[in-house]
Amino acid sequence: MTKNSSCIQALYGLCRKTFTTPSGTPFASSQAIQKLCSLLDTITPSDVGLKENNADDDRGHGFFGENLFDRVGRWAQPITFVDIHESDNFTMCIFCLPTSSAIPLHDHPGMTVLSKILYGSMHVKGYDWVEPACVRKIGSSPGKLVMLVVMEFVLLAVRLAKLAVDKVLTAPCGASALYPKSGGNLHCFTAVTPCAVLDILAPPYKETAGRKCTYYHDYPYTSFQSVDGICEGKEEEYAWLKEIDTPNDLYMRPGRYTGPRIQA
């Protein structure tokens with residue numbers, strides 16, 4: 001077994017051990033997650049079939065080859081999604097983002113997600129819901145609310161969230177983790193440079209199990225009626241999130257995994 005195959009195989013094995021839990025044990029312990037993060041920290045681009053000398057390719061073909069896809073203009077900024085492993089308990093996958101492309105604000109209901117930046121720089125912004133839920137109805141009042149919801153004449157709702165992370169991550173850097181109610185469960189990515197992120201989602205999205213991926217738009221806290229005792233002069237740490245349809249400009253296409261084969 002080569003070094004590369006042993007690394008990704010070890011990661012798969014630890015994921016399987018961590019997330020294949022007995023009935024009634026919904027989430028992995030913090031110690032188990034930390035152990036996984038430590039192993040993720042050792043993963044390099046070559047361990048999953050990526051070539052670091054191609055990291056300046058920002059056309060969206062990434063490390064997986066232009067010949068695998070139809071030619072797309074540089075301005076289209078496609079994102080490449082590569083599936084490494086998928087099961088009912090966890091998913092291992094890679095997202096390759098060309099410069100300035102973005103994965104919009106979205107949630108991970110009831111999920112734990114571990115992320116490792118493999119190369120490049122990425123801006124990450126994440127929120128967690130304020131509990132108990134604080135919701136404002138919008139769309140029925142004149143003034144600035146109408147300006148924020150231009151051409152939408154139905155009653156909409158926004159929910160209060162607290163900023164959990166807002167920073168640029170540059171490889172090499174440590175792995176990060178988000179949880180169902182903390183760590184920035186609702187997040188968005190923007191590529192500062194061509195970059196790739198290795199994600200582990202546990203359990204994976206499954207709409208029939210209540211784990212649907214929902215997209216949001218965030219509004220500054222001052223856009224809507226304030227909440228007594230919530231912000232206490234720290235308005236910049238909060239935002240109102242409104243559910244939206246999947247953005248039309250989210251261009252994501254599959255890539256082929258070329259790393260070492262996992263023995264399941």
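1. Asp218 has a relative accessibility of 24% and therefore counts as partly exposed. The model under discussion is a predicted one. The side chain of Asp218 meets that of Lys125 in a salt bridge, with N to O at 3.4 Å. Lys125 is likewise partly exposed, its relative accessible area being 22%. The pair links distant parts of the chain, with Lys125 in strand 5 and Asp218 in strand 11, 93 residues apart.

2. The whole structure contains three salt bridges. Another of them joins the side chains of Glu131 and Arg159, at 3.1 Å from N to O. Glu131 belongs to the loop between strand 5 and strand 6 (135-138), and Arg159 to strand 7 (residues 156-170), so this contact ties together parts that are 28 residues apart in sequence. With 49% relative accessibility, Glu131 counts as partly exposed.

3. Lys162 and Glu237 also form a salt bridge, in which the closest N and O atoms are 3.3 Å apart. Here, too, distant parts of the chain are linked: Lys162 is in strand 7 and Glu237 in the loop between strand 11 and strand 12, 75 residues apart. Both ends are partly exposed, Lys162 with a relative accessible area of 33% and Glu237 at 25% relative accessibility.

4. Lys162 has a further contact: its charged end sits over the ring of Tyr238, 5.7 Å from the ring centre. Tyr238 in turn is part of one aromatic cluster, together with Tyr219, Tyr221, Phe224 and Trp240.

5. Aromatic pairs number eight in the structure. One of them is Tyr219 with Phe224: the ring centres are 5.6 Å apart and the planes stand at 85°, so the pair is edge-to-face. Tyr219 and Phe224 are both buried. In the pair of Tyr221 and Trp240, the centres are 6.0 Å apart and the planes at 10°, so these rings are stacked. Tyr221 lies in the loop between strand 11 (215-220) and strand 12 (238-244), while Trp240 lies in strand 12, 19 residues apart, and the pair thus links distant parts of the chain. Tyr221 counts as buried at 5% relative accessibility, and Trp240 is buried with a relative accessible area of 0%.

6. Strand 9 (residues 186-191) is mostly covered, five of its six residues being buried. Strand 9 runs antiparallel to strand 3 (residues 102-106), to which three bridges join it. Strand 5 (residues 121-129) is also antiparallel to strand 9, with six bridges between them. Phe189 of strand 9 is the bridge partner of Ile103 and also of Val124.

Methods: Residues numbered from 1 in each chain as written. Predicted model: local features only at pLDDT ≥ 70, side-chain atom pairs only at ≥ 80, totals over all residues. Heavy atoms only, no water. Phe/Tyr/Trp six-rings, centres within 6.5 Å; stacked < 30°, edge-to-face > 60°. Buried < 20%, exposed > 50% of the residue type's maximum accessible area, 1.4 Å probe, protein only. Helix = DSSP H or I, 4+ residues; strand = E, 2+ residues; numbered from the N terminus. Lys NZ or Arg CZ within 6 Å of the ring centre and 35° of its normal. Pairing = 2+ DSSP bridges. Salt bridge = Lys/Arg side-chain N within 4 Å of Asp/Glu carboxyl O.
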